[in-house]
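Here is a short briefing on one chain. It covers an annotated domain, a sheet and a helix pair.

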Amino acid sequence: MAGRKPQRRREFGTTRKLPSGRWQARYIGPDGQRYTAPETFETKSDAQEWLNLTRADIERNHWRDPDAGAVNFEKYALRWMAERGLAPTTVDRYDGLLRLHILPTFGGKDLDEITSPSVRTWRAERLKATGATTVAKSYRLLKAILQTAVDDDLLRSNPCRIKGAGKEEADERPTATIEKVFDLADAMGPRWRLMVLLGAFASLRPEELAELRRHSVDLDECSLRITLASPELTNGKRVTGDPKTRAGKRTVHLPEFLLPDLRRHLQWFAEKGPDGLLFVGEKGAPFRRSTFGRKWRKARSKVGMPENFRFYDLRHTGNTLAADTGAKLKDLMVRAGQSSERAQLIYQHSTAKHQRKLAKGIDAEVRAQLQGAVAPQQANRQA
């Protein structure tokens, strides 16, 4: 009995010769829709080879709708932000990065039109126009959005492939000497003197200072209880909520030399009532970054501090000073309100006793340095 003639494997897709002489390839996708190759081919065998590769992708479950990436990047990016449940401050920061640095280049493109070469060109142009730190943050945001597009099967791969492009190489922040901190406090005037001192010697963040209230203060313990923060957005609106980190809710024990300033501020400037804000402007409204910033720049210039010294850098001064007392890492992190999963395990056993000891160490160091600065002046007067 003659053997059965083997069945010929059914051809996948079709090819046809166009009037131009080139060949077109078409096929039915897994979704039942007809698709045409994005390019034409010089020969029929070239067109058939493309179909064979496409069929292999389908059989390995590697096939992707070639039109899936035809989604406007700006619309996708805005939806990406809306769906992630981001904190208001994060939304504010991402909105600025998108609006100023990403959308001008990619806003009008579809996702699948963003290529690795276009990302490299965009980054190089941004580095010429703005700071490297801002570019790194913008690159990380762009990469995160496009990675979600990959996860959504809208892109085959992420075009952001520049090694180290999202890493920030920021310069080490400057710190102020103890004498300069007091000079700045004096230059800011009585109303804002305590804010400068707490920024330095209590390592408080500006948004934590903005939400301090009378009931936050314990004069007997010489401490402050941090429970909330009010960061200011770029539109001037303040958003009150939890501190920046989970460890941000904390009690900060103050060096005792701050007690006179704290008592005086409560008597002269703080709002009345237990819920009264500690820091308000001359007209009784919560302080604003713009108004405070003008005063800060004048004070900074008056005492001879560099233009890149920010109010937030007082926190670096305080952290450095606290570290110089010989405190353990876990105590330093509790004082500064720093947190991460790993860090929390390290410093979770830090006690109030350790925190009071740390505050006393700062008190002794400041008093010693101030006394050292006064002694030469007295010797000169006696001479």
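UniProt, in an unreviewed entry, places the feature "domain: Core-binding (CB)" at residues 71-150. In this predicted model, the chain over residues 71-150 is 78% helix and 0% strand. The end C-alpha atoms of that stretch are 13 Å apart.

**Sheet**
- Three strands form an open sheet in the order β1-β2-β3, with antiparallel pairing.
- The edges are β1 (14-17) and β3 (34-36). Each has a single partner strand, so one side of each lacks a neighbour in the sheet.
- On average, neighbouring strands of this sheet are turned by 25 degrees against each other, direction ignored.
- Strand β2 (residues 23-28) runs antiparallel to β3, and three bridges join them.
- I28 has R34 in β3 as its bridge partner.

**Helix on the sheet**
- Helix α1 (residues 44-59) lies across β1 and β2.
- The angle of α1 to β2 is about 25 degrees.

**Helix pair α6 and α7**
- Helix α6 spans residues 178-188, and helix α7 spans residues 190-201.
- The two pack at an angle of about 155 degrees, with their axes 7 Å apart.
- Angles over 145 degrees count as roughly antiparallel, and α6 and α7 are therefore roughly antiparallel to each other.
- The crossing of α6 past α7 is right-handed.
- From α6, the contact uses I178, V181, F182, L184, A185, D186 and M188. They meet W192, R193, V196, L197, A200 and F201 in α7.
- By class, this contact of α6 with α7 holds eleven nonpolar, two charged and no polar residues.

Notes. Residues numbered from 1 in each chain as written. Predicted model: local features only at pLDDT ≥ 70, side-chain atom pairs only at ≥ 80, totals over all residues. Heavy atoms only, no water. Axes fitted to C-alpha atoms, helices over the stretch in contact; angles between N-to-C directions. Helix = DSSP H or I, 4+ residues; strand = E, 2+ residues; numbered from the N terminus. Parallel < 35°, antiparallel > 145°, perpendicular 65-115°, else oblique. Left-handed = near helix turned anticlockwise from the far one by under 90°. Contact = heavy atoms within 4.5 Å. Nonpolar A, V, L, I, M, F, W, Y, C, P; charged D, E, K, R; others polar. UniProt positions renumbered as here; feature names shortened; annotations may be inferred. Pairing = 2+ DSSP bridges.
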